[in-house]
Amino acid sequence: PEDESRYSLHRLEIAKNYTSIYDYILNSKFEIPRSWDQDSNKWKVEQGLAVQRKGSVVLAPNDFPYWTAPGIQHFVLWKLGGNKI
């Protein structure tokens, strides 16, 4: 329940601050620079930069891991477009 609440608050923050969840992921996981969008008053990512990085892969700790036994880590493999891995 506490983790679900934290996850819900995080999603609300993303919606409040980014033009889309996609822009948030591009910025936070693939480190594609963001810029301030005057029209929406939110952060956005230049989609052309995302296209240039097509096929990029990032392995990162899950920000909201499932319940696991002590000492177990939960990772997420992020892939930006392109062919299958």
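Guide: Let us begin with the surface. A nonpolar patch is made of residues with over 30% relative accessible area and no salt bridge, their nonpolar side chains being joined within 5 Å. The model shown here is a predicted one.

Visitor: Which residues form a nonpolar patch on the surface?

Guide: Val 57, Leu 59, Phe 75, Leu 77 and Ile 85 do, and together they have about 530 Å² of accessible area. Strands S3 and S4 each supply at least two residues of the patch.

Visitor: Why is Leu 59 called exposed?

Guide: The term requires a relative accessible area over 50%. Leu 59 has 59%, and therefore counts as exposed. This residue is found in strand S3 and stands opposite Leu 77 in S4.

Visitor: How do you know that S3 and S4 pair?

Guide: At least two bridges between two strands are needed. S3 and S4 have 5 bridges and pair in the antiparallel sense.

Visitor: What makes a group of residues a nonpolar core?

Guide: The residues must be buried and nonpolar, and joined through side-chain atoms within 4.5 Å. The largest such core here has 12 residues, among them Val 58 and Ala 60, together with Ile 14, Tyr 24 and Phe 30. H2 and S3 each supply at least two residues of this core, and the largest share, 3 residues, comes from H2. In soluble globular proteins, nonpolar side chains tend to be buried together.

Visitor: What makes the contact between Lys 29 and Asp 63 a salt bridge?

Guide: The cut-off is a side-chain nitrogen of Lys or Arg within 4 Å of a carboxyl oxygen of Asp or Glu. For Lys 29 and Asp 63 the closest N and O atoms are 2.6 Å apart, and the pair forms a salt bridge. Lys 29 lies in the loop between helix H2 and strand S1, and Asp 63 in the loop between S3 and S4, so the pair ties together parts that are 34 residues apart in sequence.

Visitor: Are these two residues buried or exposed?

Guide: Buried means under 20% relative accessible area. Lys 29, at 13%, therefore counts as buried. Asp 63 has 35% and is partly exposed.

Visitor: How many salt bridges are there by this rule?

Guide: The count comes to 3. One of them joins the side chains of Lys 16 and Glu 13, with 3.6 Å from N to O. Both residues lie in helix H1, 3 residues apart, which is about one turn of the helix. Lys 16 is exposed at 53%, whereas Glu 13 is partly exposed at 39%.

Methods
Residues are numbered from 1 along each chain as its sequence is written. This is a predicted model: local features need pLDDT of at least 70, side-chain atom pairs count only at pLDDT 80 or more; totals for chains, interfaces and linings use all residues. Side-chain values use heavy atoms; hydrogens and water are left out. Helices (H or I, at least four residues) and strands (E, at least two) are DSSP runs, numbered from the N terminus. Buried means under 20% relative accessible area, exposed over 50%, partly exposed in between (1.4 Å probe, protein chains only). Patches are made of residues with over 30% relative accessible area and no salt bridge: like charges are joined within 9 Å, nonpolar side chains (Val, Leu, Ile, Met, Phe, Trp, Tyr) within 5 Å. Accessible areas come from the Shrake-Rupley method with a 1.4 Å probe; for residues, only the protein chains shown count as cover.
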